[in-house]
Amino acid sequence: MFKKLLISLTLFTVVLLGGCASLNHSMLMKGQIVNVGSDTVTLCIGTRDGAKPGDTLAVKRSVFKEGYVAIDEGESMFELVHVGEVKIKRVINEHYATAEVLDGDIQLHDTAELQK
């Protein structure tokens, strides 16, 4: 009985995780800003992530919460702050794309995420 339950649970998990691989990129596309130019940036997002020219991404920065004291274990002393938006102009390859800065102060290591 236990063996059948374990096999069923394993198969269910494999099917569930296999479905995650085919999720629409609009739910998961996220990457880091790896180069900043005067009005363009290079993103660590490419064809592998489902990037397409015209995709607009929100850009966020991890910042330290001033005066924050963690009370519970696992609490974060950082928060993500929206700092701008970029629009993909060209997908370079499976790993990278260039984007136009639409607004904001985009910096190296910020995180770009497809707007949902």
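Which residue stands opposite Lys60 in E4? In this predicted model, in which local features need pLDDT of at least 70, side-chain atom pairs count only at pLDDT 80 or more and totals for chains, interfaces and linings use all residues, that residue is His82. Residues are numbered from 1 along each chain as its sequence is written, and side-chain values use heavy atoms, with hydrogens and water left out.

Strand E3 (residues 56-64) runs antiparallel to strand E4 (residues 78-91), to which it is joined by 9 bridges, and 4 bridges join E3 to strand E6 (residues 111-114), again in antiparallel orientation. Strands (E, at least two residues) are DSSP runs numbered from the N terminus, and two of them pair if DSSP finds at least two bridges between them. Within E6, Leu114 is the bridge partner of Leu57.

Salt bridges, defined by a side-chain nitrogen of Lys or Arg within 4 Å of a carboxyl oxygen of Asp or Glu, number 5. One of them joins the side chains of Glu113 and Lys60 at 3.9 Å, N to O; this pair links strand E6 to strand E3 across 53 residues. Arg61 forms a salt bridge with Asp110, with the closest N and O atoms 2.8 Å apart, and because Arg61 lies in strand E3 and Asp110 in the loop between strand E5 (97-104) and E6, the pair ties together parts that are 49 residues apart in sequence.

With buried meaning under 20% relative accessible area, exposed over 50% and partly exposed in between (1.4 Å probe, protein chains only), Arg61 counts as buried at 17% and Asp110 as buried at 2%, whereas Lys60 is partly exposed at 27%.
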